[in-house]
Amino acid sequence: MIRRTLLDSKGNITVDELKQDAEKVLDVLIQQPEVDVNHVTLIGHREGTIVVPRVAIDNPGKLDNIVLMGQ
C-alpha cells in the first residue's frame, strides 16, 4: 500500500489520517438534529480534493453530493 504523505504546519500527515478525521467529523455532523441526513454535501479544497472522494466511496449513503475545488 502506498502511503501518501503531506507536509503541513504540524508536520507530516497521511491522506489516510486526513480521511479518518473527515469521517469522524461527518459522523458527528449527521448526528446533529438540525442536519437533514438526506442532503449532506462534503466540500474538498486543495488537499481535500484527494480526501473527499475517498470519504464518499467508503461511506455510501452518507453523502448526497461532493464538491471539489482546486487551484
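Tutor: A quick definition to start: helices (H or I, at least four residues) and strands (E, at least two) are DSSP runs, numbered from the N terminus. This is a predicted model, where local features need pLDDT of at least 70 and side-chain atom pairs count only at pLDDT 80 or more, while totals for chains, interfaces and linings use all residues. Residues are numbered from 1 along each chain as its sequence is written, and side-chain values use heavy atoms, with hydrogens and water left out.

Student: Thanks! Where does isoleucine 43 sit?

Tutor: Isoleucine 43 is in strand β3.

Student: And what is its relative accessibility?

Tutor: Isoleucine 43 has 53% relative accessibility, so it counts as exposed. The classes are buried for under 20% relative accessible area, exposed for over 50%, and partly exposed in between (1.4 Å probe, protein chains only).

Student: Which residues make the nonpolar surface patch?

Tutor: Ile43, Val67 and Met69 make it, with an area of about 250 Å². Patch residues have over 30% relative accessible area and no salt bridge; like charges are joined within 9 Å, and nonpolar side chains (Val, Leu, Ile, Met, Phe, Trp, Tyr) within 5 Å. The areas come from the Shrake-Rupley method with a 1.4 Å probe, and for residues only the protein chains shown count as cover.

Student: New topic, salt bridges. How many does the structure hold?

Tutor: It holds 3 salt bridges, where a salt bridge is a side-chain nitrogen of Lys or Arg within 4 Å of a carboxyl oxygen of Asp or Glu. One of them joins the side chains of lysine 19 and glutamate 23 at 2.9 Å, N to O. Both of these residues lie in helix α1, 4 residues apart, about one turn of the helix.

Student: Are lysine 19 and glutamate 23 buried or exposed?

Tutor: Both lysine 19 and glutamate 23 are buried. For lysine 19 that is because its relative accessibility is 13%.

Student: What else does lysine 19 touch?

Tutor: Leaving out residues up to four places away in sequence, lysine 19 touches Val51, Arg54, Val55 and Asp58; contact means heavy atoms within 4.5 Å. With aspartate 58, lysine 19 also forms a salt bridge between side chains, again 2.9 Å from N to O. Aspartate 58 lies in helix α2 and lysine 19 in helix α1, so this pair ties together parts 39 residues apart in sequence.

Student: And which residue pairs with aspartate 27?

Tutor: That is lysine 62, with the closest N and O atoms 2.6 Å apart. Lysine 62 lies in the loop between α2 and β4 and aspartate 27 in helix α1, so the pair links parts 35 residues apart in sequence. Salt bridges that share partners join Lys19, Glu23 and Asp58 into one network.

Student: Let's look at α2. Which of its residues are buried?

Tutor: In α2, Gly48, Val51, Val52 and Val55 are buried. They cover an arc of only 95 degrees around the axis, which puts them on the same side of α2; the arc is that of the directions from the helix axis to the C-beta atoms.

Student: What covers them?

Tutor: The cover for the buried residues of α2 includes α1, β3 and β4 (65-69).

Student: Last one: what is the phi of arginine 46?

Tutor: Phi of arginine 46 is near 55 degrees, a positive value in a residue other than glycine. Most residues other than glycine have a negative phi. Arginine 46 is in the loop between β3 (41-45) and α2 (48-58), and it is partly exposed at 48% relative accessible area.
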